[in-house]
Amino acid sequence: VSSEDLAVALEQNQFHLHFQPKTSLADGTLVGFESLARWQHPELGMVSPSVFIAAAEKEGCIGALTHHLVALALKQSAAWSSAGLHTKVSVNLSAHMLVDLDLPDRLARETARLGINPGQIILEITETGLFQDLANTLEILARLHMKGFPLSIDDFGTGYSSMEQLRRVPFTELKIDRAFVHDVAENTKARSILQSSASLARNLGLNVVAEGAETQEDWD
């Protein structure tokens, strides 16, 4: 995937979002959606995010791609609200955007324009990318938090310096990676990691999201 491929895809709106439901373990009710980036290529078909996200980061256009996907998530949230479904939507925010000091104000203006409460938009940040530019990153995350955007630490347990980042950043949600959720009914080590991660989150007053519960046994 070249930078030209990505530029054409952005220009022709080939990137879109799928939405995965987030449900409450307590009663099974819908509590929100996670937006998943997809590339519908006219010749190649559906291109995996593992391919185009890495290519966008390598080619230096991850910022433009993330901006496009966030805009799609905001528009969908506004459409759902207009239809009477006031729910939360999670969207990935590339760590490469956490050097743009205008980002919090820009997102706040866009949500206000669309009539969305910032609390409806959960910004997921992958822990491995948080400390590329420490000073700017912490300032931007603090300002996003102050403007009412919930912050989620994504793929918890697969990166580095997790505890330090939980101490520094005003997260409201901890999202446990599917590696510690899938097959947790059978895997005792994964279950121990899941239990301790959930306990840590609760002690910190964070919401807990477990990604990848795909069987009744793992749900239970």
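Me: Which side chain does the side chain of Glu124 make a polar contact with?
Reply: In general, look for a pair of N or O atoms within 3.5 Å. This is a predicted model. Here the side chain of Glu124 contacts the side chain of Lys175, at 3.0 Å.

Me: Where does Glu124 lie, and is Glu124 buried or exposed?
Reply: Buried means under 20% relative accessible area. Glu124 has 1%, so Glu124 is buried. Glu124 sits in strand 5, residues 121-126.

Me: Now Asp218. Which side chain of opposite charge is nearest to Asp218?
Reply: For a salt bridge, the side-chain nitrogen must be within 4 Å of a carboxyl oxygen. The nearest side chain of opposite charge is Arg191, 7.5 Å away. Asp218 is buried but has no salt bridge. Asp218 belongs to helix 8, residues 216-219.

Me: Which backbone nitrogens does the side chain of Asp218 reach?
Reply: The side chain of Asp218 reaches the backbone nitrogen of Val184 at 3.2 Å. The side chain of Asp218 also reaches the backbone nitrogen of Ala185, at 3.0 Å.

Me: Next, the surface. Which residues gather in a patch of negative charge?
Reply: A patch takes residues with over 30% relative accessible area and no salt bridge. In this model, Asp183, Glu186, Glu217 and Asp220 gather in a negative patch on the surface.

Key: Residues numbered from 1 in each chain as written. Predicted model: local features only at pLDDT ≥ 70, side-chain atom pairs only at ≥ 80, totals over all residues. Heavy atoms only, no water. Patch = residues over 30% accessible without salt bridge, like charges linked within 9 Å, V, L, I, M, F, W, Y side chains within 5 Å. Areas by Shrake-Rupley, 256 points an atom, 1.4 Å probe, with all protein chains shown as cover. Lys, Arg positive; Asp, Glu negative; His and termini not counted. Charge placed at Lys NZ, Arg CZ, Asp CG, Glu CD. Helix = DSSP H or I, 4+ residues; strand = E, 2+ residues; numbered from the N terminus. Buried < 20%, exposed > 50% of the residue type's maximum accessible area, 1.4 Å probe, protein only. Polar contact = N/O pair within 3.5 Å; in protein donor to acceptor, adjacent residues only side chain to side chain.
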